[in-house]
Amino acid sequence: MPKRCATIDKTGELIMSKANSKYYTMQEMAGKVGVNKSTVYRYLLKEGIAPATTKRNTNLYNATTLQRVKEHFSKKNSNNSEKKAPNDLLIETLRQQVSSLQNELINEKSRSDKALIAKDKQIDDLNARLAESHQLQLGLQKELEIHKDSDSSNHLVLDGQTVSKTNYSKSEKKKTPEGSKKGFWSKLFH
């Protein structure tokens, strides 16, 4: 007559098993739990769980051992899902930071664009003033040429004012004494 063993599981139910009930190899337990065979081996070694029997150099474990392995790895898997939560939190935090940086970049680009528009306006104003100044200079130059040709006296009339031509004459040079030396630049410009 087969020998019967009674054990109580975690829920308090009485588990009756026969001595010749089904046995499981490490590979079978690993397949049922969803982990690698070496992981099951390390767990059994760590817990000091001995095989129920050995057939042809293969360790066989009973249903109670299978139940312990399932409980252990179900807890471990739940811990892994808890570990994923901080990773998800980290990912969400990083996404928020990226979004914030993108908004800052957009704002900075907007400020830069406004500054460039202001600088372009300043450049346009300066170009307009330069063109106006150039026109005035050309007008004065033409007026000087007209008066130079028409007036042979020593007086010029510019915008209704009489100016002595001697003040602007290039032919008159400063008279320097014969004995004084002139520098290079003064020779060049006088």
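Helices here are DSSP runs of H or I with at least four residues, and strands are E runs of at least two, both numbered from the N terminus. The model is a predicted one, so local features need pLDDT of at least 70 and side-chain atom pairs count only at pLDDT 80 or more, while totals for chains, interfaces and linings use all residues. Residues are numbered from 1 along each chain as its sequence is written, and side-chain values use heavy atoms, with hydrogens and water left out.

On that basis, the protein chain holds four helices and six strands, arranged along the sequence as β-β-α-α-β-β-α-β-β-α. Buried residues (under 20% relative accessible area, against over 50% for exposed and anything in between for partly exposed; 1.4 Å probe, protein chains only) account for 10% of the 190 residues. With contact taken as heavy atoms within 4.5 Å, 37% of the contacts between residues at least 6 apart in sequence join residues at least 24 apart. The accessible surface of the chain, from the Shrake-Rupley method with a 1.4 Å probe and with only the protein chains shown counting as cover for residues, is about 16300 Å², and 53% of that belongs to carbon and sulfur atoms.

Now to the inside. A nonpolar core is a set of buried Ala, Val, Leu, Ile, Met, Phe, Trp, Tyr and Cys residues joined through side-chain atoms within 4.5 Å. The largest one has 13 residues, and Met26, Met29, Val40, Tyr43, Leu44, Val69 and Phe73 have the most contacts inside it. At least two core residues come from each of helix 1 (26-33), helix 2 (37-47) and helix 3 (63-150), with helix 1 giving the largest share, four residues. In soluble globular proteins, nonpolar side chains tend to be buried together. Setting aside residues up to four places away in sequence, Phe73 touches Val33, Val35, Thr39, Val40 and Tyr43. Thr65, in helix 3, counts as buried at 9% relative accessibility; beyond its neighbours within four places in sequence, Thr65 is in contact with Met29, Leu44 and Ile49.

After helix 2 comes Gly48, with a positive phi near 70 degrees.

Most residues other than glycine have a negative phi. Arg56, however, has a phi near 50 degrees, and Asn57 has one near 60 degrees. Arg56 lies in the loop between strand 3 (53-55) and strand 4 (58-60), and Asn57 is placed in the loop between strand 3 and strand 4 too. Arg56 is exposed, with a relative accessible area of 83%, and Asn57 counts as exposed at 80%.

Finally, the surface of the chain carries a nonpolar patch made of Phe184, Trp185, Leu188 and Phe189, with about 550 Å² of accessible area together. Patches are built from residues with over 30% relative accessible area and no salt bridge, joining like charges within 9 Å and nonpolar side chains (Val, Leu, Ile, Met, Phe, Trp, Tyr) within 5 Å. A salt bridge is a side-chain nitrogen of Lys or Arg within 4 Å of a carboxyl oxygen of Asp or Glu.
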